[in-house]
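Reader: I would like to learn how to read the contacts, cores and ring pairs of a protein model. Could you take me through one case, with the cut-offs stated as we go?

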Amino acid sequence: MKNNKSKYSTIIITDKNSLETKIFSVKNKHIKNIFLYKKILLLSIFTIFCLVAGLVSYISYVYYQKQDLHVKIADLESKLDTKKLNDMIINLNEAEKSLLKIERYLKDRQVKTLPTSTTNYNVDNVGGEYYPVNDSNLNLIENKKKRISDIYKKIQFIPIGLPHVGRITSNFGVRGNPMKKGRGSEFHPGLDIAGTIGDPIHATANGVVTFASVRGGYGNCVMIKHHFGYETLYGHMSKILVKEGQVVNAGDVIGELGSTGRSTGPHVHYEIILNKEKENPNNYLHVN
């Protein structure tokens with residue numbers, strides 16, 4: 001029953017068995033919107049169904065991907081020779097240790113190097129063809145390990161780095177005459193590195209001292225003969241701490257910085273000679 005003068009409608013429900021009657025009052029706007037409520041309910045049910053279906057599909061996809069990955073790992077493990085793999089890892093670790101020795105040696109010589117490799121394995125942004133571990137791989141790694149060890153032994157006899165860490169006051173090449181306050185020009189066959197009188201001067205490579213005395217404009221001077229045709233010269237020292245014929249190693253202190261000979265102030269003059277020719281020491285300060 002609907003009351004036209006009211007905002008409410010009366011609904012009467014009668015139970016035919018018990019003859020019990022229930023009366024409800026409902027706003028007219030709710031009766032008019034009942035179809036809208038039904039649509040909203042159906043849309044909500046449909047949305048929930050889609051979300052559940054999508055979640056189930058995603059879980060299934062992840063599960064099958066995981067299963068496929070396990071199969072691939074098992075297949076890869078079946079192809080690997082565990083003993084050969086362990087041998088390869090040992091050789092790689094030994095090669096890494098040798099590389100770190102070289103890196104430390106170069107740093108001690110004040111040589112700028114590229115960043116060292118890292119042993120942490122990263123699986124992002126890598127790839128390449130698959131090659132199984134076999135004898136040829138192991139032989140290659142073994143040869144590289146021996147090669148790295150050989151390089152480490154050889155570089156100790158090549159003059160690299162600086163004999164003293166300080167400010168370079170004069171470079172290799174043509175320069176103004178320092179004795180005439182820069183007037184005129186002369187050829188400078190080495191590097192001048194400033195410091196304080198008494199600072200230690202270090203040999204830049206293994207070798208044998210061939211000269212340890214006063215040498216003209218060099219003042220107190222030390223010369224060392226190395227392998228592969230290399231020699232080094234250290235001038236203007238305040239004190240010489242080695243003798244001719246003495247065997248020295250890279251990093252050994254061979255004298256003290258000074259200002260003897262043709263000098264305008266405390267510094268060490270450093271030269272590299274290769275097969276009797278003067279070399280630019282700057283070329284031995286970096287590893288590219």
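Author: Let us begin with contacts, where contact means heavy atoms within 4.5 Å. Among contacts in the chain between residues at least 6 apart in sequence, 60% join residues at least 24 apart. This is a predicted model, in which local features need pLDDT of at least 70 and side-chain atom pairs count only at pLDDT 80 or more, while totals for chains, interfaces and linings use all residues. Residues are numbered from 1 along each chain as its sequence is written, and side-chain values use heavy atoms, with hydrogens and water left out.

Reader: How many helices and strands does the chain have?

Author: Helices (H or I, at least four residues) and strands (E, at least two) are DSSP runs, numbered from the N terminus. Here the chain has four helices and 15 strands.

Reader: What share of the residues count as buried?

Author: Buried means under 20% relative accessible area, exposed over 50%, and partly exposed in between, with a 1.4 Å probe and protein chains only. By that rule, 28% of the 288 residues of the chain count as buried.

Reader: Which residues have the most contacts inside the largest nonpolar core?

Author: In soluble globular proteins, nonpolar side chains tend to be buried together. A nonpolar core is a set of buried Ala, Val, Leu, Ile, Met, Phe, Trp, Tyr and Cys residues joined through side-chain atoms within 4.5 Å. The largest one has 28 residues, and those with the most contacts inside it are Ile201, Val222, Ile224, Tyr234, Val248 and Ile254. The elements giving two or more residues to this core include α3 (82-108), α4 (135-155) and β10 (230-237), whereas β14 gives the most, with four residues. Another core, of five residues, lies apart from it, and Phe211, Met223, Leu233 and Ile273 are among its members.

Reader: Where does Glu271 lie, and is Glu271 buried or exposed?

Author: Glu271 is placed in strand β14 and counts as buried, because its relative accessibility is 0%. A polar contact is a pair of N or O atoms within 3.5 Å; within protein, one must be able to donate a hydrogen and the other to accept it, and residues adjacent in sequence count only if both atoms are side-chain atoms. The side chain of Glu271 makes such contacts with the side chains of His269, at 2.7 Å, and Lys278, at 2.5 Å.

Reader: How many aromatic pairs does the structure hold?

Author: Rings of Phe, Tyr and Trp (its six-membered ring) pair if their centres lie within 6.5 Å, and planes under 30 degrees apart count as stacked, over 60 as edge-to-face and the rest as tilted. The structure holds four aromatic pairs. The pair of Tyr230 and Tyr284 is edge-to-face, because the ring centres are 5.9 Å apart and the planes stand at 85°; this pair links distant parts of the chain, 54 residues apart, with Tyr230 in strand β10 and Tyr284 in the segment after β15 (277-279). Tyr234 and Tyr270 form a tilted pair, at 5.4 Å centre to centre and 35° between the planes. Tyr234 lies in strand β10 and Tyr270 in strand β14, so this pair ties together parts that are 36 residues apart in sequence.

Reader: How many disulfides does a search of the whole structure find?

Author: A disulfide is a pair of cysteine sulfur atoms within 2.5 Å, and the search finds zero. Cys221 counts as buried, at 0% relative accessibility, whereas Cys50 counts as partly exposed, at 38%.
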